[in-house]
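Dear colleague,

I am passing on the structure we talked about, and my notes follow directly below it. Please read them with the coordinates open.

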Amino acid sequence: MDDDFDMAAPGGEMMDDFDLPDEGPVLKVGEEKEIGKQGLKKKLLKEGEGWETPKSGDEVEVHYTGTLLDGTQFDSSRDRGPPFKFTLGQGQVIKGWDEGIKTMKKGEDALFTIPPDMAYGASGSPPTIPPNATLQFDVELLSWTSVNDITKDGGIIKKVLKEGEKWENPKDLDEVIVKFEAQLEDKTLVAKSDTVEFTVKEGYFCPALAKAVKTMKKGEKVLLTVKPQYGFGDKGKPASGDEGAVPPNATLHITLELVSWRTVSELTDDKKVIKKILKEGEGYERPNEGAVVTVKLIGKLQDGKEFLKKGHGEGEEPFEFKTDEEQVIEGLDRAVVTMKKGEIALVIIAPEYGFSSSESQQELAVVPPNSTLYYEVELVSFVKDKESWDMNTPEKIEAAGKKKEEGNAFFKAGKYAKASKRYEKAVKYIEFDSAFADEEKKQAKVLKVACNLNDAACKLKLKEYKQAEKLCTKVLELEGKNVKALYRRAQAYIQLADLDLAELDIKKALEIDPNNRDVKLEYKTLKEKMKEFNKKEAKFYGNMFAKLTINSNKDAEPMSVDS
């Protein structure tokens, strides 16, 4: 086969989601720095744990001792015994406290020097604190309870009773398992469940549960205060089964625990390959395209009938295949490259990514045409295809050549999307060639030109005209007089209705190769398009001028003049 194909006409869910800590000065023990610009100072006495700090609205618990600058003590929770609790950022304490404590970590001990304007000001707090007094507080942050306004309108207030694990939260498609108990404000129990399972986007009981669970971590337990708009509104809810009635416009108090969830993801843009994780895998690595994978498989039809079973018999080896090589159906191929070693998943595959409209004889049964398939897949192991950064230069050039040939085979078979992926991968192997020797650079250039031209042909077939135009432009940056690149870019421009640019490319191509039959035919197509466009334009302006003429035949209104 030639280096690239003959010229042919084209065929026919940010930052709001994260609770970031307030930025305070980075201190070492014994060091003092100013917080803000109002004179508040903080001296670190003991390091705290982790990196999290409380935020406005959180309920904090502290021990403190307050003194004047001369050392006179005027107050101490330590002397009284019980810790002092308050809600941060709500004006329940002096401003110096609100500003200073939100820079602290759990277990931290700090000395705050607070100027009068952030303490008790000109009036002081008789008899213990004189007017215009600068105060010092030795504060230890014992703990805090996170309180969040989930909906930002006061409709669902979440108070964390028990912290969860890790950092992930469930998404809309995920299936969650929760425990919950719902009460009215007078403590009347209206609903309770030890374990209930539901899909997040479908929700359960009332809208608040789905909204809250998306903010929670595994094992987290919270108390929700739910206003009527996120409960049962002005209609309320009648008693049903074990659940009590909820009066109209009732506020609910819901204790909610996220026990666990199964991650569900859509693997294709058209939502026709769905993966539900049944058991989490190990680590972070996943197979890449071209990896050799070993899996255990059970394939079922919608009625539960098994048509395939691999790797589950006693002493039976797992099934092995190479990804992205059409050795299995496309839906299964797409799913496996998203899995980790040891992961078990249920993969639901629509006919378009399975056996389509064909009947297929499988190991245990016949799969009827247009069947939705259900595969339970366990990824036992995998060996990744060698990545470009692990290759030396000759290996990169060889790999690029192989991918180009694979792309050519797919193109000949009419599988343009798969061919395009091969050409793109080929170019990636040799994209950065600054360290190549001169002869290797020449080889890489030939491959880049051929692969980008062939990829442009794929994009034209796939009607991705903007991408085709970009690929041809890349070729012309390497070879300014490449006739095929000019020709294919002109084809893309015609489809994008950039007729003037198309004409420029065709004229330039004919200057280089005046007898090129394909370019001449494309020029003929372009002229017909331009003629058609000019007719439409003439008709549009003709209609517009006709309307203007009709309006101009009416009696003209006299101009108003200044008196």
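**Cysteines and overall form**

Cysteine 458 is buried, with a relative accessible area of 0%. Please keep in mind throughout that this is a predicted model. The structure holds 0 disulfides, and cysteine 458 is accordingly in none, the nearest cysteine sulfur being that of cysteine 451, at a distance of 10 Å. Cysteine 472 is likewise buried, its relative accessible area being 0%, and its sulfur lies 12 Å from the closest cysteine sulfur, the one in cysteine 458, which is too far for a bond. The cut-off behind this reasoning is that a disulfide requires a pair of cysteine sulfur atoms within 2.5 Å.

Turning to the chain as a whole, its secondary structure comes to 11 helices and 22 strands. The radius of gyration of the protein chain is 35 Å, whereas the globule rule gives 24 Å for 563 residues, so the chain is more spread out than a compact globule. Taken along the principal axes, the box filled by the C-alpha atoms is roughly 105 × 105 × 65 Å.

As for burial and surface, 43% of the 563 residues count as buried, and the accessible surface of the protein chain comes to about 31600 Å², with 49% of that area belonging to carbon and sulfur atoms. Concerning charge, the protein chain carries 89 positive and 104 negative side chains, and the centres of these two sets lie 3 Å apart.

How values were computed. Residues are numbered from 1 along each chain as its sequence is written. This is a predicted model: local features need pLDDT of at least 70, side-chain atom pairs count only at pLDDT 80 or more; totals for chains, interfaces and linings use all residues. Side-chain values use heavy atoms; hydrogens and water are left out. Helices (H or I, at least four residues) and strands (E, at least two) are DSSP runs, numbered from the N terminus. The radius of gyration is taken over C-alpha atoms; the globule rule is 2.2 Å times the number of residues to the power 0.38. Buried means under 20% relative accessible area, exposed over 50%, partly exposed in between (1.4 Å probe, protein chains only). Accessible areas come from the Shrake-Rupley method with a 1.4 Å probe; for residues, only the protein chains shown count as cover. Lys and Arg count as positive and Asp and Glu as negative; His and the chain ends are not counted. The place of a charge is taken as NZ of Lys, CZ of Arg, CG of Asp or CD of Glu.
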